[in-house]
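Welcome! Here is a short tour of a protein model, starting with its pockets and then moving on to its backbone and its surface.

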Amino acid sequence: MTAPHARVADDGHANRPVRAGERRAFVRSASVLGSWTLVSRVLGYVRDSLNAALFGAGAVADAYFVAFRIPNLLRDLVGEGAFSAAVVPTVVSTLQKGGPREVHRLLAALLTVVALGGAVVAAVGVLIAPWLVSLLAPGFAASPAKFALTVTLTRWLFPFIAFMSLAASVMGYLNARERFGPGAFAPVALNLCIIAGGVLLCPLFGTGPETRIYGWTLGVLLGGLAQWLVQLPAARSLGFRYEWRLWHPGLRAIGVLMVPALVGFSVSQIYLLVNTILASLLAEGSVAYLYYGNRLMQLPLGVMGVALSTAAYPVVARALAKGRPGDAAVPLNHALALTAFSVLPASAGLIALSPWINRLLFRYGRFGAEDAAVTAAVASAYAIGIVGHACGRVLTPPFYAAGRPSVPVAVAVAGVTCNILLSVVLMFPLGAAGLPLSTSVVAIVTAVWLGWRLRGIVPGLGGLRLAGAFAGSLAASAAMGLAVWAGARWGDQALAAAGWGMRARDAAVTVGGIAMGLSVYAAFTWTLGLREFEDARDGLAHLTTRARRTTRP
């Protein structure tokens with residue numbers, strides 16, 4: 001992040017200082033996105049805890065998670081990556097050239113094409129489901145019942161793809177218009193529907209996990225539909241009215257960017273696919289362990305990594321559309337510094353508290369102590385790479401706005417190749433934890449590579465100021481992580497000696513460890529004088545003010 005009065009090169013354009021108002025607007029947009037994402041992630045943990053209690057980590061859970069992998073891959077791609085990378089710059093360009101009316105024509109055509117295409121993809125998916133399951137989980141072939149259940153659930157879930165594509169179309173339009181709240185709220189609606197499915201629909205399908213899983217799957221489908229519907233009022237408030245259109249010139253621009261964006265933004269999801277395939281060759285339950293362990297990584301990655309990327313991208317796209325690439329360095333440096341400030345302590349905290357958090361979240365019903373222990377190891381391995389995934393989210397979209405999609409594609413292909421090789425090396429000596437460890441190492445390396453290549457497109461990216469922000473956040477996070485780890489071990493032993501039960505100890509250690517970690521990290525970053533500490537305080541103050549206005553009679 002450049003300092004407030006620093007100058008950035010701009011390929012011949014006049015240099016300008018970073019304005020304080022722009023800084024505050026960016027932080028506040030990211031805080032709104034992050035707050036809704038936090039609500040969604042918390043509900044996601046409730047959803048996953050309910051799933052673990054209902055289905056455990058056995059054959060039914062493995063079947064569901066493999067079946068959900070393809071639609072979930074699309075959800076992450078279109079909701080947080082590829083679709084946004086293609087739609088946002090096209091909407092920005094169309095708005096500059098043709099105004100709101102032309103943008104609304106583009107959105108109408110996009111919704112029509114996406115709905116038709118989603119229906120076709122769903123129909124094809126139903127037909128080829130057995131082949132897909134064989135590809136994603138070759139180890140399931142040894143259990144015909146498990147394989148058959150996975151195929152059936154895959155067929156049930158394919159319509160989810162059409163719902164998510166419609167939701168992503170509206171979200172891309174709203175993000176380009178800098179209306180971030182509705183798109184950030186949409187996953188909340190999804191999680192509420194899935195939880196309702198688990199509580200209300202699962203009992204209607206019987207008492208065993210083999211039949212109750214269909215009630216859960218129906219809740220997922222209803223959640224996908226809800227994600228689209230909750231965003232439509234915001235689009236209507238901006239003047240959008242749907243009209244039947246099969247074509248708009250902007251669709252070509254979206255299509256040109258979309259194909260390479262699918263490759264560039266699919267990296268983290270391809271890692272998950274690779275891990276799923278390899279985990280199916282390990283002990284039963286390994287696929288479920290990977291899913292639950294990955295869920296913990298998604299909290300800091302979604303709350304700040306995706307939020308910062310989403311908030312920065314429209315500003316970056318406008319700067320590049322105006323031919324002022326140097327101006328794009330301002331939000332990018334800011335987003336990267338805040339990413340380090342927010343996700344590095346989250347990684348340290350997750351590693352330090354992983355055993356207690358995983359027991360507290362997932363050790364219910366059919367999910368036993370050994371399951372929670374393996375999941376804790378997997379979660380710690382995933383946590384190492386959060387900063388790489390988050391920085392990659394920030395660094396990838398500008399290549400598409402700048403018309404250089406080949407760069408992230410090349411990086412993605414190299415990263416996936418290295419991940420496969422390293423995963424095969426680590427999976428047998430380390431078990432399920434070896435797969436996410438490989439993913440973390442590769443994610444960090446590819447993020448550094450993307451940043452180095454983007455410096456040639458965006459003058460002013462990086463520099464000593466950003467390096468200092470990363471170093472300060474890393475040092476404070478390491479100190480915080482050690483303090484939390486030591487405090488958690490001591491606290492657990494003390495509470496056990498006092499006669500506390502395991503569930504109470506896990507809750508106390510988790511809550512106390514989080515509180516301790518926040519306090520220690522705040523003290524370290526304040527002492528180091530990190531400017532991101534002030535940004536975080538400003539964002540919290542903005543959210544508090546919004547909450548007071550909302551609840552005021």
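## The largest pocket

In this predicted model, the largest pocket has a volume of about 1,400 Å³. Its lining is made up of 41 residues, and those nearest the centre of the pocket are V303, M304, S342, A346 and L518.

Which helices build this lining? At least two residues each come from α1 (20–55), α11 (286–321), α12 (325–362), α18 (464–497), α19 (502–528) and α20 (531–551). The biggest contribution is that of α12, which gives 11 residues to the lining of the largest pocket. Sorted by class, the lining holds 30 nonpolar residues, alongside nine polar and two charged ones.

## A backbone angle to check

If you like looking at torsions, turn to E178: its phi is near 60°, a positive value in a residue other than glycine. You will find E178 in the loop between α5 (159–176) and α6 (181–201).

## A nonpolar patch on the surface

Next, a stop on the outside of the protein. V120, V124, L127, I128, W131 and L135 form a nonpolar surface patch, and together they have about 610 Å² of accessible area.

W131 has a relative accessibility of 55%, and because the cut-off for exposed is over 50%, W131 counts as exposed.

Definitions and conventions
Residues are numbered from 1 along each chain as its sequence is written. This is a predicted model: local features need pLDDT of at least 70, side-chain atom pairs count only at pLDDT 80 or more; totals for chains, interfaces and linings use all residues. Side-chain values use heavy atoms; hydrogens and water are left out. On a 1 Å grid over the protein atoms alone, a cavity is a set of points where a 1.4 Å probe fits but cannot get out, and a pocket is an open set with protein on both sides within 12 Å along at least five of seven lines; lining residues have an atom within 4 Å of a point. Grid points are joined across faces, edges and corners, and a volume is the space filled by probe spheres set on the points. Helices (H or I, at least four residues) and strands (E, at least two) are DSSP runs, numbered from the N terminus. Ala, Val, Leu, Ile, Met, Phe, Trp, Tyr, Cys and Pro count as nonpolar, Asp, Glu, Lys and Arg as charged, and the others, Gly among them, as polar. Patches are made of residues with over 30% relative accessible area and no salt bridge: like charges are joined within 9 Å, nonpolar side chains (Val, Leu, Ile, Met, Phe, Trp, Tyr) within 5 Å. Accessible areas come from the Shrake-Rupley method with a 1.4 Å probe; for residues, only the protein chains shown count as cover. A salt bridge is a side-chain nitrogen of Lys or Arg within 4 Å of a carboxyl oxygen of Asp or Glu. Buried means under 20% relative accessible area, exposed over 50%, partly exposed in between (1.4 Å probe, protein chains only).
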